[in-house]
Amino acid sequence: MRLLIIVILFLSLSSCSQSGKNETELVSPENAISRDIQLSDLADDISYIPLSNEEPIGQIARIKTSGDLFFIAAYGEDILVFDKEGKFQHKIGRTGNGPDEYMTGIYFTIDNENRLVYVLDNQRILKYTFRGEFQSEISIAKYGVFYDIAFHDGLIYLFDFISFGYAKYDWIVLDNEGELVSTKLNNIPDFPSQEGGSGFIFSDNQSLFYMNLFNDTIFSISGTDYQAAYILPENARQITNPNTDEKNFTILDAVKTPDQLIIRYMLDNVFCISVKDKNEQNLQLAGSLEQMSYVDEGPGFVNDLDGGCPFVPKDYFSSFGLYGYRNAYELIEYVNSTKFKNATPQYPGKKAELEKLANSLDENDNPVLMLVKLKE
């Protein structure tokens, strides 16, 4: 196992040195500096959008935004479109087995300029208008199976993550008609594993970022170029050997703003949230939980703006900043807690508004979006 880790580390570092153009940043969770980071350290405003209940929403998987529209996919459900007030507008296609239907809508991306939605569904991409009308289908069967999709700089990116010890690509790039533009091969040799595809992508609206949980590198992608943006140190491996004293470190997700990398991860079975500011050498550990439930959504930033639920960032959009969400019953429960009642936030008026919102909700209502405006 240790030999396998060394081989993977060598290959991933080699790929970084061959393709990288700029100096990479080191991200070391073991050297994180514990710091009392509150939401006001990052942001100066927070607002809420309760989603109307015409279409019930379960666990949100992905949200994209374009102007005043929010495109929301939940597990096992259709892609839904809401306006800036949270009012339901229409669906993007629908789930099903038909030629213009998708089995799952959670892997989708949008082309803002041409007002198109691309849905990755098994070995094909389905193209819809922002109004939800089916346009065309792009077969990708000849390239294999991919686990995520992004539209960026006029190109479609399909991402692979090592599954059961094998992946041909890290990603491939297509034009908007499905013609191959470029590929990034996976450099890690095949190895025995029972794990499925593990990795994630995120964006700061300038570049895409790709993380495969079987190597030590977070890549930054722009057009057909890429480089190593962040390197994880040798003593904090994603692949761990239970027969040694190596640290158990796994990144759960990441959000990138122009100035910060926010990562949530497990370190020695403790759930953590940390910030890597572009002006700071080390990670800043903002919070941790030894146990995490479905309701917790993991550790978040203490919400000292209005005293509400801790904020767990899910993504970054340049149009307004960070977004997260809470289920209606979570907001109701939190606002009725002693912790909220005793809170003295920076904006008491916003605390009163949040309390009014929570009291207007039913516990079975759809989730409530949380929009956080970053400091300039």
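A nonpolar core is a set of buried Ala, Val, Leu, Ile, Met, Phe, Trp, Tyr and Cys residues joined through side-chain atoms within 4.5 Å; buried means under 20% relative accessible area, exposed over 50%, and partly exposed in between, with a 1.4 Å probe and protein chains only. The model you have open is predicted, so local features need pLDDT of at least 70 and side-chain atom pairs count only at pLDDT 80 or more, while totals for chains, interfaces and linings use all residues. Residues are numbered from 1 along each chain as its sequence is written, and side-chain values use heavy atoms, leaving out hydrogens and water.

**Stop 1: the largest core**

Select Tyr48, Phe301 and Leu322. Of the 31 residues in the largest nonpolar core, these three touch the most other members. Helices (H or I, at least four residues) and strands (E, at least two) are DSSP runs, numbered from the N terminus. Among the elements that each supply at least two residues of this core are strand E3 (43-50), helix H3 (328-335) and helix H5 (348-360). The largest share, five residues, comes from H3.

Now zoom in on Leu322. Leaving aside residues up to four places away in sequence, Leu322 has contacts (heavy atoms within 4.5 Å) that include Val255, Phe311, Tyr316 and Met370.

**Stop 2: helix H5**

Next, colour H5, a helix of 13 residues. Which of its residues are buried? They are Lys351, Leu354, Leu357 and Ala358.

**Stop 3: an aromatic pair**

Finally, show Trp171 and Tyr226. Rings of Phe, Tyr and Trp (its six-membered ring) pair if their centres lie within 6.5 Å; planes under 30 degrees apart count as stacked, over 60 as edge-to-face and the rest as tilted. With 5.4 Å centre to centre and 90 degrees between the planes, Trp171 and Tyr226 are edge-to-face. Trp171 sits in strand E14 (residues 169-174) and Tyr226 in strand E19 (residues 225-231), 55 residues apart. Trp171 is buried at 3% relative accessibility, whereas Tyr226 is partly exposed at 23%.

Conventions:
The expected span of a helix is 1.5 Å times one less than its number of residues.
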